[in-house]
Amino acid sequence: MKVLLLSHIADPDGIMPVILTDLVFDDYEYKLFEPSDLNNYMLDALQNNELDKYDYIFITDLCVNEEVALEITNSRIKDKIIILDHHISSISLNKYPFIHVIDEQDGIKESGTSLYYKYLLEHYPNPNLLHNSVSYMVSLVRLGDTWEWKKYNNLDARKIGTLLNYYGIDKFIDNYKKFLRENEEFYFTDAENLLIEIDERRRNEYIDNLKDKVIIRKIDNLNVGIVFAELYRSELGNALAEYYHDEVDLILIVNLNRSLSFRSLEDKADVNSFATTFNGKGHTHAAGAPIPEHMKDYIIDYLINSRNVNENR
Ligand SMILES: [Mn+2]
């Protein structure tokens with residue numbers, strides 16, 4: 001039985017399904033995508049019949065768009081593909097039998113990893129999955145991804161993201177494939193704990209330093225705190241949203257080399273709908289969007305035009 005997993009490249013919630021797949025299936029391949037790239041991949045792969053060689057196709061922490069969902073419905077793969085996502089922006093796609101977008105159930109917020117874990121437990125029971133280490137790591141990833149760690153003050157949850165940053169995707173996967181097989185209980189090694197401690201200090205300094213670099217602008221009747229930054233996206237967005245609680249409805253982080261991120265506090269703006277005005281999407285209080293196509297060119301042109309050129313030089 002050959003399995004294909006397509007998942008989200010950006011964070012532990014997208015990466016953990018690769019590790020779970022490894023614990024359960026012998027013969028599998030995986031590919032990781034930014035949300036916008038998944039649709040193009042699927043259209044190409046459907047066109048080239050590339051997916052015929054797989055017996056099962058899982059898509060986790062991501063969802064296709066309507067166009068691709070229709071293509072799948074009219075294809076040979078419609079009975080062997082399952083999409084498990086928790087991004088509320090895709091909830092209307094639940095009308096397709098192979099798409100399961102679940103944001104919350106039984107009073108807990110779901111994540112891509114937690115939905116996939118439940119699915120595997122139900123359909124592919126395997127002794128590896130029953131290790132406490134696995135269920136605990138799944139719960140850490142879910143708490144981290146849904147930001148519920150704050151509610152329970154579970155500091156271990158955010159450590160997983162820190163380790164993913166340091167290990168890098170491939171090493172993170174290799175490390176936990178082995179660790180979760182070999183260990184009944186989950187723990188961080190001494191070296192990992194040291195790394196996490198150093199990172200915490202760096203992160204606090206980074207966030208503190210950006211506090212006075214926020215530019216507030218009114219957009220669509222919302223006060224938006226805008227900041228240019230590349231690191232610690234979620235922590236930064238939430239820290240700034242708290243710091244500017246009285247002045248802004250949401251924080252917009254511009255990472256020129258990657259994307260736009262929108263963050264707001266529980267009692268503040270719906271950033272999912274705000275993000276759609278930037279061709280983006282996500283959750284009610286955390287969303288993303290691509291960098292507008294010509295933004296870098298505009299900045300470069302502005303930079304060139306702003307030069308103080310002495311004509312008589
Ligand atoms: Mn997720």
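1. In this predicted model, the side chains of Arg258 and Glu34 meet in a salt bridge, with an N to O distance of 3.8 Å. The pair connects distant parts of the chain, 224 residues apart, since Arg258 sits in the loop between strand 10 and strand 11 (259-263) while Glu34 sits in the loop between strand 2 (28-33) and helix 2 (35-47). Arg258 counts as partly exposed because its relative accessibility is 40%, and Glu34, at 28% relative accessibility, likewise counts as partly exposed.

2. A search of the whole structure finds 20 salt bridges, and one of them joins the side chains of Arg203 and Asp199 at 3.8 Å, N to O. Both residues belong to helix 9 (residues 190-210), where they are 4 residues apart, or about one turn of the helix; Arg203 and Asp199 are both buried.

3. The side chains of Asp208 and Lys211 also meet in a salt bridge, here at 3.1 Å from N to O. Asp208 has a relative accessible area of 47% and is therefore partly exposed, and Lys211, with a relative accessible area of 21%, is partly exposed as well. Elsewhere, salt bridges with shared partners join Asp22, Asp174, Lys177 and Arg181 into one network.

4. The manganese ion is coordinated at 2.2 to 2.3 Å by the OD atoms of Asp13, Asp61 and Asp145 together with NE2 of His86, and the donor residues follow the sequence spacing D-x47-D-x24-H-x58-D. Because Asp61 lies in the loop between strand 3 (56-60) and helix 3 (66-73), and His86 in the loop between strand 4 (81-85) and strand 5 (99-101), this pair ties together parts that are 25 residues apart in sequence. Asp61 counts as buried because its relative accessibility is 1%, and His86 counts as buried at 2%.

5. The second largest pocket has a volume of about 270 Å³, and its lining includes Ile215, Arg217, Ile219, Phe228, Leu252, Phe278 and Met295. Strand 8 (215-219), strand 9 (222-228) and strand 10 (250-255) each supply at least two residues of this lining, and strand 8 gives the most, with 3 residues.

6. On the surface, Ile300, Leu303 and Ile304 form a nonpolar patch, and together they have about 290 Å² of accessible area. Ile300 is found in helix 12 (residues 295-305), and because its relative accessible area is 43%, Ile300 is classed as partly exposed.

Note on methods:
Residues are numbered from 1 along each chain as its sequence is written. This is a predicted model: local features need pLDDT of at least 70, side-chain atom pairs count only at pLDDT 80 or more; totals for chains, interfaces and linings use all residues. Side-chain values use heavy atoms; hydrogens and water are left out. Donors are N, O and S atoms within 2.8 Å of the metal (3.2 Å for Na, K and Ca); water is not among the atoms, so sites may look incomplete. Buried means under 20% relative accessible area, exposed over 50%, partly exposed in between (1.4 Å probe, protein chains only). Patches are made of residues with over 30% relative accessible area and no salt bridge: like charges are joined within 9 Å, nonpolar side chains (Val, Leu, Ile, Met, Phe, Trp, Tyr) within 5 Å. Accessible areas come from the Shrake-Rupley method with a 1.4 Å probe; for residues, only the protein chains shown count as cover. A salt bridge is a side-chain nitrogen of Lys or Arg within 4 Å of a carboxyl oxygen of Asp or Glu. On a 1 Å grid over the protein atoms alone, a cavity is a set of points where a 1.4 Å probe fits but cannot get out, and a pocket is an open set with protein on both sides within 12 Å along at least five of seven lines; lining residues have an atom within 4 Å of a point. Grid points are joined across faces, edges and corners, and a volume is the space filled by probe spheres set on the points.
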